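Hello,

Please find the structure below, followed by notes on what was found in it.

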Amino acid sequence: MPRAKFQTLTEQMFYILLCLKNECCGMDIMDRIPAMTAGRVNVGSGTLYNLLEQFQQEGMIRETRVEGRRRSYILTAKGAETLETEYQRIRWQMNDFERIMRKEEGK
């Protein structure tokens, strides 16, 4: 059985959606992600615009403005729910790591 689309998010997906808590365009996103991750995560333009289109088709973001080629987007309720679900999944992983690794270390 194929995995459901966006069941889990890549780091790039997570940060794109996180940026869209506030309205912004693709260029803003490409600038904000490295800034918020201290350069650890970058998103190329091809990946970004492909994901924006997919997120929009899934109803996770919506287009808010079009000014020439510049399009702005914002997170929808479905996108916020997806982001929250991913955040909880990451926290569970972190808790499992702490429980298992720290127990083995005797801490």
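The buried residues of α3 are L48, L51, L52, Q54 and F55. Their directions span an arc of only 170° around the axis, so these residues sit on the same side of α3. An α-helix has 3.6 residues a turn, so residues three or four places apart point the same way. On the other side of α3, G46 and Q57 are exposed. Here buried means under 20% relative accessible area, and exposed means over 50%. Please keep in mind that this is a predicted model.

What do the buried residues of α3 pack against? Their partners are α1 (11-19), α2 (26-36), β2 and β3. Helix α3 itself covers residues 45-57 and lies across β2 and β3, at about 120° to β2. With 13 residues, α3 reaches 18 Å from its first C-alpha to its last, close to the 18 Å expected at 1.5 Å a residue.

Now to the strands. The sheet is open and has three strands, in the order β1-β3-β2, with antiparallel pairing. β1 (24-25) and β2 (61-67) stand at the edges with a single partner strand each, so one side of each has no neighbour in the sheet. β1 is joined to β3 (residues 70-75) by two bridges, and these two strands run antiparallel. Which residue of β3 stands opposite C25? That residue is S72.

Regards

How values were computed
Residues are numbered from 1 along each chain as its sequence is written. This is a predicted model: local features need pLDDT of at least 70, side-chain atom pairs count only at pLDDT 80 or more; totals for chains, interfaces and linings use all residues. Side-chain values use heavy atoms; hydrogens and water are left out. Two strands pair if DSSP finds at least two bridges between them. Helices (H or I, at least four residues) and strands (E, at least two) are DSSP runs, numbered from the N terminus. Contact means heavy atoms within 4.5 Å. Axes are lines fitted to C-alpha atoms, for helices over the stretch in contact, and angles run from 0 to 180 degrees between N-to-C directions. The expected span of a helix is 1.5 Å times one less than its number of residues. Buried means under 20% relative accessible area, exposed over 50%, partly exposed in between (1.4 Å probe, protein chains only). The arc is that of the directions from the helix axis to the C-beta atoms.
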